[in-house]
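I'll jot things down as I look them up.

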Amino acid sequence: MTSLKINGKEYVVDASADMPLLWVIREQCGLTGTKFGCGIAQCGACTVHIDGQPVRSCITPAISAEGKNITTIEGIAPDKNTLHIVQQAWIEEQTPQCGYCQSGQIMSAVALLNENPSPTDEEIDAAMSGNICRCGMYSRIKSAIHRASASLQTSNTL
Amino acid sequence: MKKWTRRAFIGAGVLAGGTLVIGIAIRPGNRSSKVAGLIASEGETVMNIWLKIAPDNTVTAIIPHAEMGQGVHTALAMMLADEMDADWSKVTFQEAPADKEYANFTLLKGFVAGNATFPKFIEETIDGVFLTAVKSLNFQITGGSASVRFTGQQAMRIAGAAAKSMLLQAAADTWKVPTEELTAKNSIISHASSKRSATFAELAPAAAKVNIPKQPKLKSPEEFTLMGTSQPRFDIPAKVTGEAKFGMDVQVPGMKYATIKAAPVFGSKVKSLDTTVSSSQQGVKKILNLGDAVAVIADGYWQAKTALDALPIEFEATENSGLNQAEIMDRYRKAMDADLADGNLEKHFKDGDATKALEQAAILVEAEYQLPFLAHATMEPMNCTAWVHEGKCEIWCGSQNPLGVKAAAAELLEIDIDKVTVHNQLLGGGFGRRSETDVMTQAILIAKEVDFPVKLIWSREEDTQHDVYREATISRMKAGLDQSGLPIAYTHQFIFKHHPPEAADIPYTIPNQLIQYSSPASFVPWGNWRSVDHSTHGFLTESFIDELAHTAKKDPFAYRKTLTKDNLRFQRVLDLVYEKSNWGAPLPANWGRGVAIAQSFGSIVAEVAEVEVSVEGKVKVHRVVCAVDPGFAIHPDGFIAQMESGIIYGLAAAMTGEITIENGAVAQSNFHNYPVTRMNEAPKIETYIINSGNPPGGAGEPSTPVIAPAVTNAIFDATGIRIRQLPISKNDLRASILPST
């Protein structure tokens, strides 16, 4: 048995040595916001944060995350009634289409903005090109990141 | 009476206001029928099969379509609410159950008859006939870019207008005033002179007893309050919090997980299977030989996958086991040659005498094009959860065709269709792939062997290698030009005709045409791929017309304008894209500009691509300008999003998309060898809409067919190299670009 701390909550899970974190999060912890897309770290749909760093949970053994802080899409909002600035920007830009990749997109975007609160288009391209969107909503994702970035500046100066 | 052809739809002005006679679309007499049982809760009033009103004055639109990000739930609810004058903040939706009552007869009617209007005396008979046909076909499809233009126009708007009329009548009867003195606004009916008012909910019980009007008056565009606006989509908030439930996310108590490996060569069978090792692996519940596939059921996907990968499975060799892509294309060529020699070509379109005119032409242009198989690669891999118990079957999936799933399950299990329940979920991409029922069939075959629910999940590899594919094609085109460079003859020989039937038509005025096709044998399964046959013919027609323009030494844009001069809608779309793209303005070295235009699914789309070809032969698409006449964009922001989506989807295919067959099996397996467009490769896209007042056209597909030719025409402009074989990555462009000094 392995103990994992996800979104601040402890989960005791049954993970073999090679079992990816993705399947533990989805099937054993019931957090289905993190998606399976490719299984080989090609599409980014499974992106979560481990100690604040974005990782592809489909190739990350669950046991390697023991003792660390794991954050999923369900855990980024400050509280139940408030969305994360990035989620809010995503709604304002009406970003998703099918939405399947969006948890991963948002997790990558949050990680980017934590490192770099005002990224350029090129920096966004560099940080986000590991996340595939088959609906092709790249321009809206980019706009939403700029919008979130602007909101961050405003909230920081308040 | 108009002829029942798809061409008949041009000119039918549904949006021009007035009445539409489609009484059966809102079939009366259903209030006590099983429809109410399917959709209504305690206290709710079912006004017609598409609409119910709750005691708190909430209006619910019942939408018979699946949501895959195209915003259909929102757009169709807007159409209903607008006609009803409902308060949009109190409007919600419910996806219609997978039930024959909700078979999309308007959609099939739209496909068969176009938007043609019929004389009143025949209307009900037609609808009755269609409804019977649709029910017997179990047709509840989301596809063909059809939801708004058929279901929206012919069911939602009429349902909303009819409900409003019934509410007005109920108020008139209650207050003993003429209906003409009443107004409906924000879900309230008011009588100004007596200062009386009542909510829709208060009037609903009485209104539901009023006869459903057969000719409800529809609004004209200047009366629209919601149609033509961009309301926030219903489905978006849950998609940013992770709460949105896709088929993949279904959790049923007691559920186990399965994964599957189908015979790599299509049509092959399992020859031998040794289950000794894997059966004892941790978490493994059952190993199943399904004949053409092997499945493992386990406590979790990972256990199932690990066990499946370790299974020694031998598949039977078939006649196709040694086949590779080059041989397939060679067979296609030979079949085309034979059909031509034997006079066995099937006729698509003939006008004049193209063969004779070709002989008389001053200049002859010939080209052969080749296109690859394509996979759909939806973001969400195929999956389905099934539970077969007590003579019943429950299915959870994301389907473009839930009623088809229900029928397939009933047939497979040999049970009554009413014993099957389909819980349709959000779709993580459809693009045509999710109109199939193959995955559900597998899930049912697996679930019926155990007494618990099973979620079948395909790996990305399985998804790539057992898709239903866009056809690989070969196309031979010839044209004869007169002294002035204008075409006087056009012949086209292609292979595989699926649908829409008009896809190989050309929009250009050419006097002598002969368009024919062959249907060689193919063992690779075919499926609807976003825009279907338009995805090939858009490229073929628009590449070849570009070749003709350049041969004639004419500007490709001006050439298209000349050859469509009698088509006002084409002219306006071309003019708009010309202006917005700054056609003719200078570009940097090694850059080029290309244009393409096509009509599909009722919308006309022109795109201009700006590309750069590097010294290494790499193509970068910088900018795409898209001009579109969809008749009327019900939800402009959603429409623009669909144009962008269709462009990126088509661009991925044009740049790198290629499925090849090696030893009878698909060679590609995942995004590393079936690459798709990523953010750093995505062009800036600008979309401009013309609301021409024509019947609404589709949104989900029409931007896809023209992006490939717009890009390859731009590559020609930049390099002088004509791309006749897709994907573009197969072509060596290095020699064309000289390093700058």
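Predicted model: local features only at pLDDT ≥ 70, side-chain atom pairs only at ≥ 80, totals over all residues.

How many salt bridges are there between chain B and chain A? I count four.

**Entry: one salt bridge up close.** I picked out the pair B:Asp249 and A:Lys35, which form a salt bridge with their closest N and O atoms 2.4 Å apart.

**Entry: how much of each chain is involved.** I looked up who takes part in the contact: 59 residues from chain B and 53 residues from chain A. Together, chain B and chain A bury about 4400 Å² between them. Carbon and sulfur atoms carry 57% of that area.

**Entry: polar contacts and chain B's elements.** Between chain B and chain A I find 26 residue pairs in polar contact, both residues at pLDDT 80 or more. Helix 18 of chain B has the largest share, with nine residues. Sorting that side of chain B by class, I get 28 nonpolar, 18 polar and 13 charged residues.

**Entry: inside chain A.** Chain A is divided into domain 1 (2-75) and domain 2 (85-157). I looked up the distance between their C-alpha centres, and it is 21 Å. In the contact between them, 16 residues of domain 1 meet 13 residues of domain 2. The two domains of chain A bury about 1200 Å² between them, with 56% of it on carbon and sulfur atoms. Here A:Lys35 turns up again: along with A:His49 and A:Ile73, A:Lys35 supplies 39% of the area that domain 1 buries against domain 2, more than any other three residues.

**Entry: what links the two domains.** What is the salt bridge count between domain 1 and domain 2 of chain A? I get zero. Polar contacts do turn up: five residue pairs across this interface, both residues at pLDDT 80 or more. On the domain 1 side, strand 3 (47-50) and strand 4 (53-56) of chain A each supply at least two of the touching residues. By class, I list that side of domain 1 as six nonpolar, eight polar and two charged residues.

Conventions: Residues numbered from 1 in each chain as written. Chains lettered and ligands numbered in written order. Heavy atoms only, no water. Domains from an automatic or database assignment. Contact = heavy atoms within 4.5 Å. Buried area = accessible area lost by both parts, 1.4 Å probe. Salt bridge = Lys/Arg side-chain N within 4 Å of Asp/Glu carboxyl O. Polar contact = N/O pair within 3.5 Å; in protein donor to acceptor, adjacent residues only side chain to side chain. Helix = DSSP H or I, 4+ residues; strand = E, 2+ residues; numbered from the N terminus. Nonpolar A, V, L, I, M, F, W, Y, C, P; charged D, E, K, R; others polar.
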